[in-house]
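Visitor: I would like to go through this chain with someone who has looked at it closely. Can we take it one question at a time?

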Amino acid sequence: MVIQKITLFLAFLLSLYSAPAQISPVREMDKSMSFGTRPCFRLEFQGATPGLVTDLWKDFVKQQFSAKLKKDKKSSEYFADRVNASFSPNEFTLRSTVEETGEDGAALNVWFDLGSAFLSRREYPQAANDVVSVLSDFYVEVRREVIARELKDAENKLKELESNKRKLEKENDNYHKEIENYKAKIKKAEEDIIQNEQMQNSNVADQEAQRRLIEEIKLRLQNVGSERN
């Protein structure tokens, strides 16, 4: 019994070490922006367009922070001033950019300007963890939308295939009907051929009779003179 418990415990420990570590979709880095190089939180989305990420980010900021993003025409950054959140005791400015990554992806860069400094894990580890949690929720939201659109595209493709199948079935029915019509026409033509050949044979016989009649008439014509005697 003791050995069994030890075995189970060792198996549990092995499962802990062998289980893959969950990697956060949010990366913290120093990245250039309108105020210079500042601590930034970056998310990358495979299969998402910059336009989709931008639209979802605007809605997310409005719902999460009760703030409306505006676009800075000079820097192309989306920002919101005097934002309140649980991870910051003071109001802060939220700045962000969305960029294209490769042929099929987009990235979101977010800066939290606290006034005296930009939010980073080095100076505000707990607040940074809270931000990572919030941005991870946004990552899930984008991924869900991307997959939902992928599903919709797949369903539309299926509908298109089903529609094409119905069209092909209808064409197939028409082809069969045409074949039946052709068969009926061929049968009618075969009957017409037989009738035509019979009529040709009858015509040949009629021609022979007509030729004999003509010869008889010619003979009578030649003998007209002998009728006066």
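The questions and answers below concern a predicted model.

Visitor: What share of the chain's residues is buried?

Guide: The cut-off for buried is under 20% relative accessible area. The chain has 229 residues, and the share that is buried comes to 25%.

Visitor: What length does helix H3 reach from its first C-alpha to its last?

Guide: Helix H3 covers residues 125–222, which is 98 residues. At 1.5 Å a residue the expected span is 146 Å. The model comes close to that, and the span is 138 Å.

Visitor: Which elements cover the buried residues of H3?

Guide: The buried residues of H3 include Ala127, Val131, Leu135, Phe138 and Val146. Ala128, Val132, Val134, Ser136 and Val142 are also on that list. Their cover includes strand S1 (26–33), S2, H2 and strand S6 (105–113).

Visitor: Which element gives the most residues to the largest nonpolar core?

Guide: That core has 36 residues, and among the members touching the most others are Phe41, Trp57, Phe65, Leu94 and Phe138. Two or more residues come from each of S2, H2, S4, strand S5 (88–100), S6 and H3. The top contributor, with 9 residues, is H3.

Visitor: What does phenylalanine 65 touch, leaving out residues up to four places away in sequence?

Guide: Phe65 is one of the core residues that touch the most other members. Ring pairs also link Phe65 into a cluster with Phe41, Phe87, Phe92 and Phe112. With residues up to four places away left out, phenylalanine 65 touches Phe60, Val83, Asn84, Ala85, Phe87, Leu94 and Val134.

Visitor: Why are tryptophan 57 and phenylalanine 60 separated by about one helical turn?

Guide: Both tryptophan 57 and phenylalanine 60 are buried. They are separated by about one helical turn because in helix H2 they are 3 residues apart.

Visitor: How many bridges join S1 to S2?

Guide: S1 and S2 form a hairpin, with 2 residues between them. The two strands run antiparallel. The number of bridges joining S1 to S2 is 8.

Visitor: Is arginine 42 buried or exposed?

Guide: Arginine 42 is found in strand S2 (residues 36–46). Its relative accessibility is 7%. Buried means under 20%, so arginine 42 counts as buried.

Visitor: Which side chain makes a polar contact of 2.8 Å with the side chain of arginine 42?

Guide: The side chain of arginine 42 has a polar contact of 3.0 Å with that of glutamate 44. Beyond four places in sequence, arginine 42 touches residues including Met29, Glu99, Thr101 and Asn109. The 2.8 Å polar contact is with the side chain of asparagine 109.

Visitor: What separates the C-alpha atoms of arginine 42 and methionine 29?

Guide: Methionine 29 is among the residues that arginine 42 touches. Along the chain, arginine 42 and methionine 29 are 13 residues apart. Their C-alpha atoms are separated by 7.5 Å.

Visitor: Where is serine 66 found?

Guide: Serine 66 has a positive phi, near 55°, in a residue other than glycine. Its relative accessible area is 68%, so serine 66 is exposed. Serine 66 is found in the loop between helix H2 (50–65) and strand S3 (70–72).

Visitor: In which strand does arginine 82 lie?

Guide: Phi of arginine 82 is positive, near 55°, and the residue is not glycine. With a relative accessible area of 63%, arginine 82 is exposed. Arginine 82 lies within residues 77–85, which is strand S4.

Conventions. Residues are numbered from 1 along each chain as its sequence is written. This is a predicted model: local features need pLDDT of at least 70, side-chain atom pairs count only at pLDDT 80 or more; totals for chains, interfaces and linings use all residues. Side-chain values use heavy atoms; hydrogens and water are left out. Helices (H or I, at least four residues) and strands (E, at least two) are DSSP runs, numbered from the N terminus. Buried means under 20% relative accessible area, exposed over 50%, partly exposed in between (1.4 Å probe, protein chains only). A polar contact is a pair of N or O atoms within 3.5 Å; within protein, one must be able to donate a hydrogen and the other to accept it, and residues adjacent in sequence count only if both atoms are side-chain atoms. Contact means heavy atoms within 4.5 Å. The expected span of a helix is 1.5 Å times one less than its number of residues. Two strands pair if DSSP finds at least two bridges between them. Rings of Phe, Tyr and Trp (its six-membered ring) pair if their centres lie within 6.5 Å; planes under 30 degrees apart count as stacked, over 60 as edge-to-face and the rest as tilted. A nonpolar core is a set of buried Ala, Val, Leu, Ile, Met, Phe, Trp, Tyr and Cys residues joined through side-chain atoms within 4.5 Å.
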